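Please look at the sequence and the model, then read on.

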Amino acid sequence: MPLLAAKNLHASYALTRVLHGISFSMEEGTITTLLGANGAGKTTTLRALCGMVKTQGEVAFEGQRIDGRATEDIVRLGIAHVPDGRGTFVSLTTEENLRLGAYVRKDRENVDADMERVFGYFPRLKERRAQQAGTLSGGEQQMLAVSRALMLRPKLMLLDEPSFGLAPLIVRELFDILRSVNEKEKVSMLVVEQNAAMALDLADHAYLIETGRIVLSGTSEEIKSNDSVRRSYLGY
Amino acid sequence: MDAFIHQVLSGLATGGIYASLALALVMIYQATHLVNFAQGEMAMFATYIAWSLINAAGMPYWAAFLLTVAFAFVFGVVVERVIIRPVEGASVLSVVVVFIALLVILNSVTGWIYTYTIKTFPSPFPKEFGIGVYMSPHEVGTILVTLIVLFLLYAFFRYTPLGLAMRAAAQNPDSARLVGIRVGWMLALGWGLAAAIGAVAGMMVAPIVYLDPNMMGGVLLYAFAAALVGGIDNPWGAVFGGFLVGVLENILGAYLIGHELKLAVALVLIVGVLTVKPSGFFGKVLVTRV
């Protein structure tokens, strides 16, 4: 049974259809990436999985249908979404942002320990602990967004363009951490990226979306060696 | 000189009431970017409930006080769920019309149930509370109650997970949903809290202005002025504004423009702040790096 499976998923904003029946699935413990150009429907796919847009079609998480459920309930199943634009609570402190990540957890007594664990991955956030989150740099806010998601102790993380707006060095650092989180904590990840080269290095599997449809899928190695992908998305 | 000090101190007492009501306005404004015009009438209605509990049911004052606060909280939650929720996402004007309808309905229903005859409302503070010629027992008591309310609110929002969740929901509803906060309920809780604070303000002001269905009209106007002076998105600003407006109202009323024109102070402040410094004294411009 796949961890997450979408079947014939449609989504629209008001009158504009953005997803035209996409289907994909991912196994537990893996990193899967959705690639595609601007406007292909990657962000919408993640939003559709979390019930943030109107959808038709099926989404199953651990074999259980989750389409049509409220976002707040989907989070409670262990799906943490690192949204487009990072979703920082700008006037709250870094620490408060992190505590909010653990909001739905029942085991409140472990939250402090988890915060230290997250600071282990991102020591910079520890220095910024009492600082208003809106004053953090873009890279720090992205780290905060990832950390906030980790505070849920998620089974699955949905990451929307984690590399967006960051310097290449910081992107590399962030992706290394994502990989080690995946390996050490067995957190599965669905990563949406425009930076195809970085994403394919990170992921086990990849899907390519064009104008709201899946046009190609396979292991990262297969996708990397696909000629048209190489020309259009990897640029060599 | 004694008279002047008295004016300032009693201004602080009424200012505390304005501060409480302004805080209620700010709480709802922060979450919805709307000003609840019915906030005053909701407080007035709760005060009548307290009056019934004390006079008809013969309850001791503080028992009636607590029960009224609880009632106001539930009433606020129900109003949000039943009346405000359906117009969520409607245009600002539609919501404003709903607020005004709520104001008029509460006002008329109260008048219908209790008549428009002015009633006295008791003050619970014994005369030992008074400070000589400077402050009456009720004025000292009002300031104490205001400070307790402010402290409780601060502690709630600052130190409890629910308070944090409410701040998060007000600030960034999308992100709040993504961490599992039930944003709709947080709004309802905010309404409940605002109504509860309003009820306290109503019960504190009623012994001064007497109980009648129109008693909160002036108070709400001062609270608006307070919230605007402080910056409508800043709770501390609203509290500061409340005390400032209370003192200004008293001093100007006593020495400059006379009692009949006191309410004009509020209007002048509202218009003045909106034209000169729309963000108020403490309405902060948030700096965000991207």
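## Where the chains meet

In this predicted model, 20 residues of chain B are in contact with 24 residues of chain A. Two residues are in contact if their C-beta atoms, placed from the backbone, lie within 7 Å. On the side of chain B that touches chain A, the elements giving two or more residues are helix 6 (161-171) and helix 7 (173-178) of chain B. Helix 6 of chain B gives the largest share, 6 residues. By type, the residues of this side of chain B divide into 10 nonpolar, 5 polar and 5 charged. Here Ala, Val, Leu, Ile, Met, Phe, Trp, Tyr, Cys and Pro count as nonpolar, Asp, Glu, Lys and Arg as charged, and the others, Gly among them, as polar.

Residues are numbered from 1 along each chain as its sequence is written, while chains are lettered from A and ligands numbered from 1 in the order in which they are written. Since this is a predicted model, local features need pLDDT of at least 70 and side-chain atom pairs count only at pLDDT 80 or more, whereas totals for chains, interfaces and linings use all residues.

## Chain A as a whole

Chain A has 10 helices and 10 strands. Helices (H or I, at least four residues) and strands (E, at least two) are DSSP runs, numbered from the N terminus. The radius of gyration of chain A is 17 Å, close to the 18 Å that the globule rule gives for 236 residues, so chain A is as compact as a globular protein of that length. This radius is taken over C-alpha atoms, and the globule rule is 2.2 Å times the number of residues to the power 0.38. Along the principal axes, the C-alpha atoms of chain A fill a box of roughly 45 × 40 × 35 Å.

Of the 236 residues of chain A, 46% count as buried. A residue is buried if 20 or more other C-beta atoms lie within 10 Å of its own, exposed if 12 or fewer, and partly exposed in between, with C-beta atoms placed from the backbone. Among contacts in chain A with a separation of 6 or more, 66% are between residues 24 or more positions apart.

## Strands of chain A

An open sheet of chain A is formed by 6 strands in the order 6-7-8-3-9-10, with mixed pairing. Two strands pair if DSSP finds at least two bridges between them. Strand 6 (79-82) and strand 10 (213-219) of chain A stand at the edges with a single partner strand each, so one side of each is left without a neighbour in the sheet. From one strand to the next, the twist averages 15°.

Within this sheet, strand 3 (residues 31-35) and strand 9 (residues 205-210) of chain A run parallel and are joined by 4 bridges. Thr32(A) has His205(A) as its bridge partner in strand 9. Helix 1 (residues 42-49) of chain A lies across strand 3, strand 6, strand 7 (156-160), strand 8 (188-193) and strand 9, and runs at about 150° to strand 7 of chain A. Axes are lines fitted to C-alpha atoms, for helices over the stretch in contact, and angles run from 0 to 180 degrees between N-to-C directions.

Gly36(A) is placed in the loop between strand 3 and helix 1 of chain A. With 25 C-beta neighbours inside 10 Å, Gly36(A) counts as buried. Leaving out residues up to four places away in sequence, Gly36(A) touches Gly41(A), Lys42(A), Leu208(A), Ile209(A) and Glu210(A).

Strand 1 (residues 4-13) of chain A runs antiparallel to strand 2 (residues 16-26), with 8 bridges between them. Leu4(A) stands opposite Met26(A) in strand 2. In the hairpin of these strands, which has 2 residues between them, Ala14(A) takes a positive phi near 50°. Strand 1 also runs antiparallel to strand 4 (residues 54-61) of chain A, joined by 7 bridges. There, His10(A) stands opposite Gln56(A).

## Helices of chain B

The table lists spans from the first C-alpha to the last. The expected span is 1.5 Å times one less than the number of residues in the helix.

| Helix of chain B | Length | Span | Expected span |
|---|---|---|---|
| Helix 1 (2-32) | 31 residues | 44 Å | 45 Å |
| Helix 2 (39-55) | 17 residues | 24 Å | 24 Å |
| Helix 4 (92-114) | 23 residues | 33 Å | 33 Å |

Helix 2 of chain B is mostly covered, with 13 of its 17 residues buried. The buried residues of helix 4 of chain B pack against helix 2 of chain B. Among those buried in helix 4 are Val95(B), Phe99(B) and Leu103(B). After helix 1 of chain B comes His33(B), with a positive phi near 60°, and after helix 4 comes Thr115(B), with a positive phi near 65°.
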